[in-house]
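Work through the exercises below with the sequence and the coordinates open. Each task is followed by a solution in steps.

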Amino acid sequence: MRIGILGTGMVGKAIGTKLVQLGHEVKMGSRTANNEKAAEWVKATGAHASQGTFSDAAAFGEMLFNCTSGMASLDALRSAGEKNLNGKVLVDVSNALDFSKGMPPSLSVCNTDSLAEQIQRTFPNAKVVKALNTMNCNLMVNPSLVPGEHDVFLCGNDAGAKIKVKELLKSFGWKMPIDLGDLTGARGMEMILPLWLRLMGAYQSPNFNFNIVR
Ligand SMILES: NC(=O)c1ccc[n+]([C@@H]2O[C@H](COP(=O)([O-])OP(=O)(O)OC[C@H]3O[C@@H](n4cnc5c(N)ncnc54)[C@H](OP(=O)(O)O)[C@@H]3O)[C@@H](O)[C@H]2O)c1
């Protein structure tokens, strides 16, 4: 499949690399067509990797990943261009972490709304699926980094889009992704971040995850 990754940070790189390893063609998008980090990633990743602007990557992808800084995601997606998002599955991995008042960051949106829902309202014809935002990026694409059973969540309003994302998550190594229902489930997925950050501080390592036991 052709996949567009919006974002040149560690998440975009981790997901983009995994997708190329799985046989997909990936274009990484940035504010600038010749972004240095994206160029390094293309060089390291090979012939099925390419780079461009947010708009180039969004136009390229049959499926898209939002891996941009949460506070800037709406701007990044606007520059990707609504017509390039329409009708496509948009996997939102971002967290709306606001570092403007120092550490720890707060969430710029929570409780009765979420960044994923803001994205869905702004781009009503994109099929937004929230997934993978509740863990470190290396774990997203390699669940075996943490031993034993542990979980990945997803939610979204479009059933067909969620089936496609579940298949992709399974190809990453996630056996039983937990479907939290419609996109309002993203509120909880995003509000888990304060807990995740506290655990990261306690363990001094990002290699941990949540395991739902019933
Ligand atoms: N790091 C993790 O392990 C992890 C885990 C779970 C979720 N997340 C979430 O995943 C997302 C990506 O995280 P990251 O650490 O890989 O990267 P990041 O540093 O949070 O974001 C980098 C991307 O955001 C874009 N960006 C920054 N400011 C912008 C602006 N004003 N307008 C438009 N675009 C802007 C950058 O564009 P340029 O390419 O042009 O510089 C770049 O592509 C974040 O929302 C983060 O909260 C991260």
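**Exercise 1.** Check whether the length of helix H1 agrees with 1.5 Å a residue.

Solution. The model is a predicted one. H1 covers residues 10–21 and has 12 residues. The expected span is 1.5 Å times one less than the number of residues, so the 12 residues of H1 should span 16 Å. The end C-alpha atoms of H1 are 16 Å apart, which agrees.

**Exercise 2.** Describe the shell around the ligand by its closest residues, its class make-up and the helices that supply it.

Solution. The ligand is surrounded by 24 residues, and the closest are Gly-9, Ser-30, Arg-31, Ala-72 and Ser-94. By class, 8 are nonpolar, 14 polar and 2 charged. H1 and H4 (73–80) each supply at least two shell residues. The largest share, 3 residues, comes from H1.

**Exercise 3.** Determine how strands S2 and S3 are joined and how the chain crosses between them.

Solution. S2 (residues 25–30) and S3 run parallel and are joined by 5 bridges. The bridge partner of Lys-27 in S3 is Ser-50. From S2 the chain passes through helix H2 (residues 36–45) to S3, a right-handed β-α-β crossover. In S3 (residues 49–53), 4 of the 5 residues are buried, so the strand is largely enclosed by the rest of the structure.

Methods:
Residues are numbered from 1 along each chain as its sequence is written. This is a predicted model: local features need pLDDT of at least 70, side-chain atom pairs count only at pLDDT 80 or more; totals for chains, interfaces and linings use all residues. A residue is near a molecule or strand if its C-beta atom, placed from the backbone, lies within 6 Å of it. Ala, Val, Leu, Ile, Met, Phe, Trp, Tyr, Cys and Pro count as nonpolar, Asp, Glu, Lys and Arg as charged, and the others, Gly among them, as polar. A residue is buried if 20 or more other C-beta atoms lie within 10 Å of its own, exposed if 12 or fewer, and partly exposed in between; C-beta atoms are placed from the backbone. Two strands pair if DSSP finds at least two bridges between them. A crossover is right-handed if, with the strands pointing away from the viewer, the path from the first strand over the helix to the second runs clockwise.
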